[in-house]
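Welcome! Below is a short tour of one protein chain, taken a few places at a time. Keep the view open as you read.

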Amino acid sequence: MTPDLDHLAEAIRARHADGGRILVAIVGAPASGKSALSDRLYHHLGGDKAGAAVVPMDGFHFDNGILEDRGLLARKGAPETFDVGGLKRTLTALRDTPDEDVYVPLFDRSLEISRGSARAITPRHKIILVEGNYLLLDQAPWTQLHDLFDLSIYLEVPEEILRERLIERWRNYGFDDTTATHKATSNDLPNAQTVIHGTGTADIRVKSD
């Protein structure tokens, strides 16, 4: 099933009826398609000219040096490998200071690092699509984020499809079948299960395959 962009855009616009800034959480497991959905919604809403912007949670990955010091490098992408405090402060600034520029980081997959202040969210941006795995995770410290969102959308994909996509993702990076399967099942799939079983209630649940 393909997400109904018209329905989702209508729900977002309904929350944006007063013309102020709103934060919309778009949540899903790794390989669920949340980044693609966010991008499609961004364009469906009119893009930058219409005041839409996307803020990815992935920009708040801890640096590899911090992860290595904490023995978490092999778990990169797990809930404990993100700067939740930094994400909360950024989202709070977006909510509470809509008349100021707010600069957000972006994760560079080619370098495996986050680039600070890589995207500017300006006062003209009124609909902020925040996409990420754990935005609605029902465990501390992620629960601190829940009240910051005006609307939440959860992308529900069957676990067996996620597994196939995660393995294929590593194959596309040039790994053989054995290595790709190991990488997907040792870290990515447990992270996906955390999202599937640990995500709190979303305003809208979208089933997708």
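## Two packed helices

Helix 5 (residues 159-172) and helix 6 (residues 177-198) pack with their axes 8 Å apart, at an angle of about 140°. Axes here are lines fitted to C-alpha atoms, for helices over the stretch in contact, and angles run from 0 to 180 degrees between N-to-C directions. Helices (H or I, at least four residues) and strands (E, at least two) are DSSP runs, numbered from the N terminus. Helix 5 and helix 6 are therefore oblique to each other; angles under 35 degrees count as roughly parallel, over 145 as roughly antiparallel, 65 to 115 as roughly perpendicular, and the rest as oblique. The crossing of helix 5 past helix 6 is right-handed, where right-handed means that the near helix is turned clockwise from the far one by less than a right angle, and left-handed means anticlockwise.

Which residues of helix 5 meet helix 6? They are E159, L162, R163, L166, I167, W170 and R171. On the helix 6 side, the partners include D177, A180, T181, A184, L189 and H197. By class, this contact of helix 5 with helix 6 has nine nonpolar, four polar and six charged residues. Ala, Val, Leu, Ile, Met, Phe, Trp, Tyr, Cys and Pro count as nonpolar, Asp, Glu, Lys and Arg as charged, and the others, Gly among them, as polar.

## About the model

This is a predicted model, in which local features need pLDDT of at least 70, side-chain atom pairs count only at pLDDT 80 or more, and totals for chains, interfaces and linings use all residues. Residues are numbered from 1 along each chain as its sequence is written, and side-chain values use heavy atoms, with hydrogens and water left out.

Let us pick out I167, which sits in helix 5. I167 counts as buried, at 6% relative accessibility; buried means under 20% relative accessible area, exposed over 50%, and partly exposed in between (1.4 Å probe, protein chains only). Leaving aside neighbours within four places in sequence, I167 is in contact (heavy atoms within 4.5 Å) with A180, T181 and A184.

S117 is 50 residues from I167 in sequence and 32 Å from I167 in space, C-alpha to C-alpha. S117 belongs to strand 4 and counts as exposed, at 55% relative accessibility. Its phi is near 50°, a positive value in a residue other than glycine.

## Stops in the loops

Is H16 buried or exposed? At 19% relative accessibility, H16 counts as buried. H16 lies in the loop between helix 1 (5-15) and strand 1 (22-28), and its side chain reaches the backbone oxygen of G20 at 2.8 Å. Beyond neighbours within four places in sequence, H16 is in contact with I22, K126 and I127.

G33 is found in the loop between strand 1 and helix 2 (34-44). G33 is partly exposed, with a relative accessible area of 29%. Apart from neighbours within four places in sequence, G33 is in contact with L155 and R165.

## Backbone details

Phi of E112 is near 60°, a positive value in a residue other than glycine, and E112 is partly exposed, with a relative accessible area of 34%.

The loop between strand 5 (127-132) and strand 6 (151-156) holds P141. The peptide bond from A140 to P141 is cis, with omega near 0°.

Methods. A polar contact is a pair of N or O atoms within 3.5 Å; within protein, one must be able to donate a hydrogen and the other to accept it, and residues adjacent in sequence count only if both atoms are side-chain atoms.
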